[in-house]
Amino acid sequence: MKLLDFLKVAAGEASLFSKLGIWRQKVSTTLDAHEAAYIEVVRRNSVQTIADLAAATTIVFDSTASQRGLASISYDSATGEFTLQPGAYELDARVGCEGFDTVATDIAQFHWEDSLGFDLGQGALGVSVPPASNQNLAAQPSVKAYLDIIATTVVKLVSAGGQGGADVSVGAHATVLKVG
């Protein structure tokens with residue numbers, strides 16, 4: 001189903017003839033023509049326990065919230081891996097943690113990496129700390145990466161380089177958008 005079809009269903013056919021409706025038609029037709037692709041996944045059903053935040057652990061999102069352009073992006077909810085076809089992508093995730101083992105000192109860090117373990121965010125980290133932490137760090141739960149690939153590539157969000165243990169909260173989510 002094309003984006004314009006969704007707009008017709010959501011707002012009714014008549015809404016497409018106002019100035020805003022005409023703009024919606026033009027934008028949706030343009031997006032459909034360029035085969036915009038994205039997927040948004042979320043941790044919806046339960047927390048994911050990470051016993052050792054220092055070890056590399058893939059964050060697994062258990063539900064797909066929305067998606068478009070399945071030929072370009074796929075997600076495996078068993079492994080937490082996204083498979084991307086050639087093109088330019090923006091990877092974005094927001095991860096919060098709860099149930100830290102040691103509230104004063106634990107820290108969770110997240111980054112995007114490929115299947116070989118290469119950091120795709122050039123050092124950009126998402127950070128989650130307990131409210132009572134003495135780490136002198138502010139929580140920065142969002143982490144982004146941008147990449148331009150010429151061959152099929154597998155990417156994932158990973159917890160690594162932290163300290164202690166924690167649970168990835170329900171509501172954590174990631175979006176992969178094909179931008180070119």
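A salt bridge here is a side-chain nitrogen of Lys or Arg within 4 Å of a carboxyl oxygen of Asp or Glu. Side chains of opposite charge can pair when their charged atoms come close. The model is predicted. By this rule, the count for the structure comes to one salt bridge. The partners are E90 and K144, and their closest N and O atoms are 3.7 Å apart. That distance falls within the 4 Å limit, so the pair qualifies.

Where does this salt bridge sit in the chain? E90 belongs to strand β7 (residues 87-94) and K144 to strand β11 (residues 142-149), so the pair ties together parts that are 54 residues apart in sequence. E90 has 22% relative accessibility and counts as partly exposed. K144 is also partly exposed, with a relative accessible area of 35%.

Step back to the whole chain. The protein chain has two helices and 14 strands. It has 180 residues, of which 39% count as buried. Take the contacts between residues at least 6 apart in sequence: 72% of them join residues at least 24 apart. The chain exposes about 9400 Å². Carbon and sulfur atoms supply 55% of that area.

Now the aromatic rings. A search of the whole structure finds two aromatic pairs. One is formed by Y75 and F82, with 4.5 Å from centre to centre and 45° between the planes, and this pair is tilted. Y75 counts as buried at 15% relative accessibility. F82 is buried too, with a relative accessible area of 0%. The rings of F82 and W112 have centres 5.8 Å apart and planes at 55°, so this pair is also tilted. It links distant parts of the chain: F82 is in strand β6 (residues 81-84), W112 is in strand β9, and 30 residues separate them. W112 counts as buried, at 0% relative accessibility. Together, Y75, F82 and W112 form one aromatic cluster.

Stay in strand β9, which covers residues 108-114 and also holds H111. Is H111 buried or exposed? It is buried, because its relative accessible area is 9%, and buried means under 20%. Its side chain has a polar partner: a contact of 3.0 Å joins the side chains of H111 and E113. What else does H111 touch, once neighbours within four places in sequence are set aside? Its contacts are D119, A124, L125, V143, K156, L157, V158 and A160.

Q48 has 12% relative accessibility, so it counts as buried. Which atom does the side chain of Q48 reach? It reaches the backbone oxygen of T58, at 2.9 Å.

The aromatic cluster is made of Y75, F82 and W112, and its members count as buried. H111 and Q48 are buried as well. H111 has its polar contact with the side chain of E113, whereas the side chain of Q48 reaches a backbone oxygen.

How values were computed:
Residues are numbered from 1 along each chain as its sequence is written. This is a predicted model: local features need pLDDT of at least 70, side-chain atom pairs count only at pLDDT 80 or more; totals for chains, interfaces and linings use all residues. Side-chain values use heavy atoms; hydrogens and water are left out. Helices (H or I, at least four residues) and strands (E, at least two) are DSSP runs, numbered from the N terminus. Buried means under 20% relative accessible area, exposed over 50%, partly exposed in between (1.4 Å probe, protein chains only). A polar contact is a pair of N or O atoms within 3.5 Å; within protein, one must be able to donate a hydrogen and the other to accept it, and residues adjacent in sequence count only if both atoms are side-chain atoms. Contact means heavy atoms within 4.5 Å. Accessible areas come from the Shrake-Rupley method with a 1.4 Å probe; for residues, only the protein chains shown count as cover. Rings of Phe, Tyr and Trp (its six-membered ring) pair if their centres lie within 6.5 Å; planes under 30 degrees apart count as stacked, over 60 as edge-to-face and the rest as tilted.
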